[in-house]
Amino acid sequence: MLGTIGDTPLVELTRLAPGFDGRVFAKMERFNPGGSIKDRSARTMLMHALDSGALKPGLSVVIESSSGNLAIGMAQICRYHGLKFVCVVDSKTTTQNLAILKALQVTVEVVDEPDENGEFLPARLARVRELVAATPHAFWPDQYANPLNPLAHETTMREIAEALDHRVDYLFCATSTCGTLGGCAAYVRGQGMDTTVVAVDASGSVLFGQPPGRRLIPGYGAAVAPALLDLTAAQRVVHVTDLEAVVGCRRLSNREAILAGGSSGAVASALERMLPDIPAGSTCVLVFPDGGDRYLDTIYSDAWINRHFGEVSHLWKDTMAGATTC
């Protein structure tokens with residue numbers, strides 16, 4: 001099962017950006033066995049530790065912080081290799097992700113007290129440090145600082161580049177730990193590609209100098225700048241609001257029949273924002289980190305949307321030829 005990680009489909013999106021005189025592709029990371037791009041990071045970090053002897057099956061205890069997707073990626077590897085896994089999540093983690101972790105026999109600790117800005121990551125990290133200090137044979141992969149995290153995504157970019165004969169004009173990546181962004185940018189630089197890398201960040205995230213603010217959608221953005229953050233990795237940064245991410249998801253569903261996760265919707269909205277500045281004939285690639293099946297109670301719930309944003313369905317009910325609406 002773990003051998004199926006990577007080599008995910010790259011599909012052309014012909015209806016997402018009507019009127020755009022160029023090509024748009026999506027790297028569909030939901031097709032990894034754990035359902036997200038985080039399978040790549042989990043495999044690289046944990047398999048390196050197993051191969052080096054830092055992790056010992058039957059003895060070591062993996063402890064990590066995650067908003068959900070990395071937890072699932074690590075859970076399947078730990079379950080296969082007989083490693084105990086303790087994951088610190090928070091109350092924004094979706095019920096679907098929690099159910100998957102339970103099925104994979106993960107010990108889950110839920111942090112439910114945010115900091116003064118409504119952020120959970122600082123509290124999650126503090127709890128991880130406490131657990132590591134108190135647990136014999138603890139191993140913390142530390143996705144926020146581990147250089148193997150971005151290294152995993154040099155392969156992601158290689159797959160994209162080889163599929164398009166290295167002709168990628170714009171690459172859009174959601175940011176959080178900055179593993180995907182850093183790894184893709186490193187490959188672009190190493191290969192001498194003339195690609196504009198666009199970092200898609202959440203409004204209210206501190207990664208690129210914005211003040212911290214309340215965010216509803218997990219999976220991208222951060223309340224603490226990770227050690228992996230390289231401000232030179234991206235040539236452009238687009239900040240996307242929660243509502244724009246929701247609209248991006250719903251438009252992907254209506255126009256392309258893609259049920260996308262929140263960060264994927266944010267990437268789609270970032271493309272729309274930048275279209276006036278993208279030259280005709282350009283090839284754009286959007287990295288879609290996960291699918292929408294774990295967001296059915298939030299992004300795809302009309303009641304949830306109405307509670308947080310009011311009646312906004314007009315923002316995604318298209319009149320384009322052939323489009324249907326929910």
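Which residues in the largest nonpolar core touch the most other members? I found L13, F172, L286 and F288, out of 42 residues in that core. A nonpolar core here is a set of buried Ala, Val, Leu, Ile, Met, Phe, Trp, Tyr and Cys residues joined through side-chain atoms within 4.5 Å. Buried means under 20% relative accessible area with a 1.4 Å probe, protein chains only.

Two notes on the source. This is a predicted model, where local features need pLDDT of at least 70, side-chain atom pairs count only at pLDDT 80 or more, and totals for chains, interfaces and linings use all residues. Residues are numbered from 1 along each chain as its sequence is written, and side-chain values use heavy atoms, with hydrogens and water left out.

Helices (H or I, at least four residues) and strands (E, at least two) are DSSP runs, numbered from the N terminus. The largest share, six residues, comes from α8. Another core lies apart from this one, with 25 residues, among them C178, L181, V197 and A199.

I then checked F288. Leaving aside neighbours within four places in sequence, F288 has contacts (heavy atoms within 4.5 Å) with residues including L13, A26, M28, L252, I258 and V267.

**Cavities.** I searched the whole structure and got three cavities of 30 Å³ or more. On a 1 Å grid over the protein atoms alone, a cavity is a set of points where a 1.4 Å probe fits but cannot get out; a pocket is an open set with protein on both sides within 12 Å along at least five of seven lines; lining residues have an atom within 4 Å of a point. A volume is the space filled by probe spheres set on the points, which are joined across faces, edges and corners.

The largest cavity has a volume of about 440 Å³. Its lining has 37 residues, and S67, S176, G219, Y220 and G221 lie nearest the centre. The second largest cavity holds about 60 Å³. S67, N69, T93, T94, N97, P218, G219 and Y295 line that one.

**Pocket.** The largest pocket has a volume of about 280 Å³. I counted 20 lining residues, with K92, L216, P218, T298 and W304 nearest the centre. α3 (95–103) and α9 (302–309) each supply at least two residues of this lining.

How values were computed: Buried < 20%, exposed > 50% of the residue type's maximum accessible area, 1.4 Å probe, protein only.
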